[in-house]
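Welcome! Take a look at it, try each task, and then read the solution.

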Amino acid sequence: MTSRPEQPEIHQVPAHRALTVMAALGLLLFALWGIGTPLIGTSTLTATNQLTAGSPYQEAGFDTGSTNNLLADTITSELPETILFKQSLSNGRGTGWDPYQAGGSALGAVPDNALYSPLTLTYYVLPTWLAPAYERLLEIIVSAGACFLFLRRLALSRPAAVTGGLAFATSAFMISWLGFPQTRTAAFIPALFWALERLVQERRLRNVALVAVPVAAMLLGGFPSVTGVTLLTAAAYVAVRLLAEYRRDRRRLLLTGVGAIAGVVAGLALAMFQLIGFLDFFPTWLVEGRAQTSGSHIDPAALITAFAPWAFGTGNPQRQPEFILPPNFIEAMSYVGAGTLVLVLVAVALPRRARAALPRAAWIFFAAAAAVWLELIYLGGPPLALVQKLPLLSSLFAQNYIGRARSVLGFLLAVLAAIGLELLLRRRAELPALSGPRWWRRLHRAHAWPIALGLVVLAVGAALLLRADRFVREAQQWPVTALFHHQLEIGAALVIMCAGCAVLLLLLGDPRFLAARQRRRRVLRFAAAAGLPILIAVQSGSFAAAYWPHSSRTQFYPVTDTHAYLAANLGEQRYASAITAMVFGTNSAYDLRAVNGHTFINNDFATLIQAIPGNPISFETYIDFAADPAQATSPVLDLIGTSYFVAGLTDPIFGTQVTAPTDATTQTLQPGTPVTVPLQSTGSLRGLGLTPTDAISPTMSDPSSTLGVVVKDASGSVVTQQELPVARLWTNHQFPVAADYEPSGTTLTATLTLNATAPLTVQADKGQIALDTVTDPGDGLRLAHVGTSAIYQRLNAQPRIRWASSSTVVTDQAARVGLLASGSVRADQVVLSAPGPAASGKSASVTVDSDGNEAVTTTVDAQGAGYLVVADADQAGWSASVDGKPAPLVAADQGLVAVHVPAGSHTVGLRLAVPHAAAGVVVSASTAGLLLVAVAGEYWWISRRRTARVPATVTARPDPAAKREAVSP
């Protein structure tokens, strides 16, 4: 067992305990200031205020005003999936499948959403709207706490260790990726290094088990690239530390290295219950557009944000300008804080003192590792190209953006910052005598390295400022220039303040400085030392509070009439929606099955969706539609059971436009005064149109203005009546009206009532309002509901679970997709990808007994053999049975599935059955058990050996005979 370096205590650190308290208060200040009111439940730490800024929420009158447009993925993917999983837990078991998005996708069966991460626990014990705030608080505690433990293992004092934890918790990666699995993964980086350092210092089974815990937690965090770069860095750290400590003890070196590897393998095994699903599903997902090159790195100009986070703009639409550096704010933000930056420079500028204060080779590793990651992340070039091509590293670097490595870089810089503070806090101690040539000793005594480092920092800073200025000038916006200079001034001022504290601590570390005024010297030292963590906390708290959104609880996935209508009418079917009508991915939070989705998409299913005109897959994990009649009426949507298409109120109305004649006259709609107009067209009606004479009027710009519409037939019966927001209806001078089921030739009139504070003047013809109409062109759609959106019923949609009495085999994918997209496939026909049993051509009745997240059960009464078709993306991870016996689940209709069913009455079931899932659970449970047994056994063995080494003190029992003899006369 290697001895830990002596840790500095009170005699080496000014006001040691008080300084520790100040650093801890700085961490507390950051947490409370950054998270803020969501901790007490008056708001929620989510970007759902961006959600309600769109349709259909804005039409429903919910509060708007997004404060962060960069976290959309959390409200379209992470939160809805978590809500669904939590809901399934209430039934006793978390679901492995989400049937509501993109034809169905893996949920709890894979770690993508961090549903089994220890940090996600808050979602399962707290209300979902409250949980994000406490999840973030838990991340801060875990990341800062583990960093503290690691730094104490490196023999740093408590104030320095707390400040290091603060520096990591406030780094760019940990702040900017709010609500994503990324930070739930990165929060365990310090814990892994702490466990590995314990193993290096103390070769014990318990330390091997400790290594396994953060490895498993990171893997369950659902972001493999962060885990990958962390394991790579940690492997290098262990190698360097072992060589430094045990290069002459090869047995110890080898056994400790094997222990570290065993710990990582055990961590993999602990997470195998989810990793096995990931390994099964990943090859079936649509994965494209992820290739990286040597130029795929963060621009060096982003380093300005290390101390001036808002220099290049924000992600807040209310605080323009928008961030101008590529690729975006979240990926490019490089914040560490002015205080952390100064402390890192101190640690690098004093290598001799740093090496003496730390375990062997620790300073060298952290300085070198930080330099390597800085080069790869911000310069790229040949070094990045090299690691992208190396056989063992290509899968990590060639398919993942190098900017994600800021997670581990933030940790390395936090460690260096803690080292820097430690050096400032320690009084000048005795150092080993200088060795080497005379010129080397002279350079050292002349402080050549700090001076050279200072010159390099100045040169690099000047180059970064010139590069940043180019981006600012190219933006050609005065707000960008003004913001850049203002933020640069604030950041520079903070750097100067922190540098002043550091210089003062260096001077006061010399006993000769203010030797005659010891009391003032101690006060100044404490103030300078406490100022550094407090300045870090203040700047970071200010940054996080401005960046992290605080949304009203009423904005947390509210229900509109659009959601209510779909919930009441959708049943087992699907809907599709235009991007302007509903926020994709959110449907999982409402248990509404949609074609739209934000998730990994089955590759075969994606090929089918891409056959829809305009290709609704704009990104490999996005399915979203345009307000395009060609998409709304696509035969592909018929095949997958899409019964409704949702359009926005500002979208063009699908149908035939009939323009009313106009002359030079106008008519004015007075508030509260009904006006009845006979319609030019007869029969089915989908929309009406008015043409205002003013481009913008007070009525049109007032969000509270509405237009009441009552449509009646010739008998005076009300066909439909609606109350529509005027401000959202005038993009096309049209508004939808749900009356397209009227028989041909029916005469209709429309009564308009303006509910506003000001009149509205519109074009007219011969003294009557010119009212345009939109009619049904026979496109297979019917406008079924108008409220906060326009919902079209798709009349040609097939049942999602249906019977196919005939089958066609098309083995060529392109030909198969072309056939399915042509609309020539009959409702009773299935297109198979490979030859299978023939269908009889006879009908059958299908009763859906259950249609759950992980299982579908039907009763089929068939007059002859055929196929039960389930229009879900269930080709991977699912199995089928007929009357309880396994049956082949065949690929059908390009991305869907079917089961061959013989004649007669049968129970046909489909269920999620991830291959080897049971084996994965066994591996994880067995590993956990073995680790517990090993740790307990080691504890027993060590206790037994210690007991055996302690000499026993035995008191001899008196001999009764001797006692009698002694007392006899």
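**Exercise 1. Is Ala114 buried or exposed, and at what relative accessibility?**

Solution. Please keep in mind that this is a predicted model.
- Step 1: find the residue. Ala114 sits in the loop that runs between strand E2 (105–106) and helix H4 (121–125).
- Step 2: apply the cut-off, which calls a residue buried when its relative accessible area is under 20%. Ala114 has 0% relative accessibility, so it counts as buried.
- Step 3: look at the backbone. Although Ala114 is not a glycine, its phi is positive, at about 55°.

**Exercise 2. Which value does phi of Ala361 come near, and where is Ala361 found?**

Solution. 
- Step 1: read the angle. Phi of Ala361 is near 70°, a positive value in a residue other than glycine.
- Step 2: Ala361 belongs to the loop between helix H16 (351–357) and helix H17 (362–378).
- Step 3: check the accessibility. Because its value is 22%, Ala361 counts as partly exposed.

**Exercise 3. Find the cis peptide bonds from Ser55 to Pro56 and from Gln320 to Pro321, and place each proline.**

Solution. 
- Step 1: take the bond from Ser55 to Pro56, which is cis with omega near 0°. Pro56 lies in the loop between helix H2 (48–51) and helix H3 (72–89).
- Step 2: take the bond from Gln320 to Pro321, which is cis with omega near 10°. Pro321 lies in the loop between helix H13 (272–281) and helix H14 (329–332).

**Exercise 4. How many residues does the largest nonpolar core have, and which helix gives the most to it?**

Solution. 
- Step 1: the largest nonpolar core has 237 residues, and those with the most contacts inside it are Phe150, Phe312, Phe366, Trp373, Phe411 and Ile419.
- Step 2: helix H20 (residues 406–425) gives the most to this core, with 15 residues.
- Step 3: zoom in on one residue. Beyond residues up to four places away in sequence, Phe366 touches Phe150, Leu154, Tyr237, Phe411, Leu412, Val415 and Leu416.
- Step 4: another core, of 25 residues, lies apart from the largest one, and includes Val856, Ala880, Val882 and Val914.

**Exercise 5. What is the volume of the largest cavity, and which helix gives the most to its lining?**

Solution. 
- Step 1: there are 7 cavities of 30 Å³ or more, and the largest cavity has a volume of about 110 Å³.
- Step 2: its lining includes Leu45, Thr74, Tyr123, Glu135 and Gly179.
- Step 3: H3 and helix H5 (131–153) each supply at least two lining residues, and H3 gives the most, with 3 residues.

Methods:
Residues numbered from 1 in each chain as written. Predicted model: local features only at pLDDT ≥ 70, side-chain atom pairs only at ≥ 80, totals over all residues. Heavy atoms only, no water. Helix = DSSP H or I, 4+ residues; strand = E, 2+ residues; numbered from the N terminus. Buried < 20%, exposed > 50% of the residue type's maximum accessible area, 1.4 Å probe, protein only. Core = buried A, V, L, I, M, F, W, Y, C linked by side-chain atoms within 4.5 Å. Contact = heavy atoms within 4.5 Å. 1 Å grid on protein atoms, 1.4 Å probe; cavity = no way out; pocket = protein on both sides within 12 Å on 5 of 7 lines; lining within 4 Å. Points joined across faces, edges and corners; volume = space filled by probe spheres on them.
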